[in-house]
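Here is a short tour of one model, written to be read alongside the coordinates. Please have your viewer open and follow along.

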Amino acid sequence: MKIKKIKTLSFLLLFAANLFAQQDSLKVYKLSLQEAITFGIENNYQSRIAQKDIEMALKQKWEIISQGLPQITGGVDYQNYLKQPVTLLPAEITGGDPGTFVPVTFGTKQSMNATATWNQLLFDGSYIVGIQSVQTLLQISKNAKTKTDLQIKEGVINAYGNVLLAEESVSILNKNVKTLQKTFEDTQKIYENGLTEQEDVEQLEITLLGLKNNLAKSERMRNIAYEMLNMSLGIPVENEVVLTDNLEELSMKYFDLALLSKNIPVEENIDYRIAKNSAESAEIQVKLQKAKALPTLTGFVNYGYQGFSDDFTFLEDQQEYFSQSVLGVSLNIPIFSSGMRSSKTQQREIEYEQALLELERTENEVKRQINTAKSEYEFSLENYQNAKKNLELAERVENKNQIKFFEGLASSFELSEAQRQLYNAQQNYLQAMLDVISAKVSLENLLDTRTYKDEN
């Protein structure tokens, strides 16, 4: 019996220890929108991957540069003839009969050779082009990181706004359910006293059930919104995030008419810069292909030691070694390739022309996107003001119908219609606030001229 109690107590202690360990591993993040943006850019998975791409580009930069710097290699060769090769010499040398041969072996059975070689590239057109491409290679990864950060910023703002929208929606629906529940209960009592019809009670019950269903759905959507926010921030979905901003304050903060008149040179837009990088890269490929038709010149210095013995005595002090050294250059001249190099060069030239066309298309597309984003932002501001007025009107209409209904001057259908109108106006107002925030960040990203160097 005592053993059973000890086992039970041990199990409870172990369970409690695991529970506390899980609680300690969970973190709570309390963030304003601006803090969330900064946190997301630093910790989002895509941002960290893009940062690794820059680090890789820096390593590739040195890889390209080092190809033209001295290269030193070393090697040690050991040979042991299990069966030494035989050479036939004319027998006349040793006094034998003319026309006959004597088998002899030359050298020792074992040998060891240690060599160090210094190689130096003296001229290579491909290397010169490669050096020119280093900055473009690095700029491509930096612009990709900038583009990623802008996308993360937009994603965090939208995710943050969706959470606020979900919270506000749940809060409003809770209030609506409580208000309608009271109206339904009061109407039911009136019906029990014979002062109204059963249809009035049933009509309110239908509206109440629909409202409760919307509340349950909104609560589930709220949980999903929090998980999406966690993903955009780059933190585990089980960790808690507490938002310190509210939707209405943010929508007013993002109400900026001056943004509609802001303009930037298209060349400073990040999408244009990325397209320009692609064109520069394609141009480099043309130069690289042409450079392959140029001769290459390399030089080398070789120095080493050789040792010979019939037995393995190479590690002994008395072993004799003979030094050797070679200085040389190698010139490789491409002469004829049956048109292969010319065909490859023409392909790269066509790709370069395609990249220039894409750059021109991107320029026009960026202009169109900016104009569209300004139009959508302006509409979101107007829609927000209209949605706010509609909500005020819907609240007054619903309140009047409430009074009329209990005074017997309005039917339950008219009250339900006014309530549905109010509920729609509430959701439209919430969505209008979120649209202002989303439209502004989209326009801001298009007008953003930041560079990776400026950010770091």
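Which helices each supply at least two residues of the lining of the largest pocket? They are listed here, with helices taken as DSSP runs of H or I of at least four residues and strands as runs of E of at least two, numbered from the N terminus.

| Helix | Residues |
|---|---|
| α4 | 125-192 |
| α5 | 198-233 |
| α9 | 412-447 |

This is a predicted model, where local features need pLDDT of at least 70, side-chain atom pairs count only at pLDDT 80 or more, and totals for chains, interfaces and linings use all residues. Residues are numbered from 1 along each chain as its sequence is written, and side-chain values use heavy atoms, leaving out hydrogens and water.

With 11 residues, α5 gives the most to that lining. In all, 25 residues line the pocket, and S169, L173, N214, S218 and Q427 lie nearest its centre. By type, the lining has 12 nonpolar, 11 polar and two charged residues.

Now to the strands, which pair if DSSP finds at least two bridges between them. Four of them form an open sheet in the order β2-β5-β7-β8, with antiparallel pairing. Its edge strands, β2 (71-80) and β8 (321-332), each pair on one side only. Between β5 (residues 110-123) and β7 (residues 296-309) there are 13 bridges, and S111 stands opposite F308 in β7.

Finally, residues 345-401: the chain there is 100% helix and 0% strand, with its end C-alpha atoms 79 Å apart.

Note on methods
1 Å grid on protein atoms, 1.4 Å probe; cavity = no way out; pocket = protein on both sides within 12 Å on 5 of 7 lines; lining within 4 Å. Nonpolar A, V, L, I, M, F, W, Y, C, P; charged D, E, K, R; others polar.
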